[in-house]
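Student: I would like to learn how to read a protein model. Could you take me through one?

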Amino acid sequence: RNYTRLLDDAAFWNSLRVSLVFTAASVGLHLAIALPVALFLNQLRRGRTAIRLAFLTPWMVTPVIGAIAWVWLLDPHFGVANHLLRSVGLIAANKVWLGEPGLALGSIVAVDVWRGFPFVMLILLAGLQTVPKEEYEAASIDGAGALQRFRFVTLPHLRYAGVVATSLDVINTVLTFGIVACMTRGFAFK
């Protein structure tokens, strides 16, 4: 009876839908941001350690501390986000980022992306460092351009790192509770 009641509950299906949207959006954006950043960090020759550490900082911050900082940044009256967006003309009036279901979900996805992409970036960066330089040289000699080298040399070598990164990222994202609880205080998404 409990399972039957659960499957008939509209709140359960809404929660499942929101969880799937949150996970898909977060994981997709983690990959979309992590790959270019990993490619950039792999090319660096100077200041490599300091810049890598700067990119890893959001991942090292405790989720609850990061969420509290973002609650302050997204405050509808005194938050920096509203001020910056108004000053560049993207919004006309202050937004209640965590008070409206659509904005709250987008805000939490953004915070999770800020916090989670360094993990994926780190795995992809490790994968990039295993690509033999000889393959890039051979592709260049054969006349391959930068895009062709990326497509035919880099991406095949990143396949397994990408699978591992995506699998672990889905698990981490599904287990995200601290950020949501701190930022919304149990506010229901629709």
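The dialogue below goes from the whole chain to single residues.

Tutor: This is a predicted model, in which local features need pLDDT of at least 70 and side-chain atom pairs count only at pLDDT 80 or more, while totals for chains, interfaces and linings use all residues. Residues are numbered from 1 along each chain as its sequence is written, and side-chain values use heavy atoms, with hydrogens and water left out.

Student: How many helices and strands does the chain have?

Tutor: Helices (H or I, at least four residues) and strands (E, at least two) are DSSP runs, numbered from the N terminus. Here the chain has 9 helices and 0 strands. Its radius of gyration, taken over C-alpha atoms, is 20 Å. Along the principal axes, the C-alpha atoms fill a box of roughly 60 × 50 × 30 Å.

Student: Is N82 buried or exposed?

Tutor: Buried means under 20% relative accessible area, exposed means over 50%, and partly exposed is in between (1.4 Å probe, protein chains only). N82 has a relative accessible area of 1%, so this residue is buried. N82 is found in helix α5 (residues 80-87). In the chain as a whole, buried residues make up 32% of the 190 residues.

Student: Which residues is N82 in contact with, leaving aside its neighbours within four places in sequence?

Tutor: Contact means heavy atoms within 4.5 Å. On that basis N82 touches D75, P76, I91, N94, K95 and W97.

Student: How is a pair of aromatic rings described?

Tutor: By the distance of the centres and the angle of the planes. Rings of Phe, Tyr and Trp (its six-membered ring) pair if their centres lie within 6.5 Å; planes under 30 degrees apart count as stacked, over 60 as edge-to-face and the rest as tilted. The count here is 4 aromatic pairs. In one of them, F55 and F117, the ring centres are 6.4 Å apart and the planes are at 80°, so the pair is edge-to-face. F55 is in helix α3 (residues 48-60) and F117 in helix α6 (residues 101-128), 62 residues apart. F55 is partly exposed at 26% relative accessibility, whereas F117 is buried at 9%.

Student: What are the distance and angle for W59 and F119?

Tutor: Their ring centres are 5.4 Å apart and the planes are at 40°, so the pair is tilted. W59 lies in helix α3 and F119 in helix α6, so the pair ties together parts 60 residues apart in sequence. W59 counts as partly exposed at 32%, and F119 is buried at 15%.

Technical notes:
The radius of gyration is taken over C-alpha atoms; the globule rule is 2.2 Å times the number of residues to the power 0.38.
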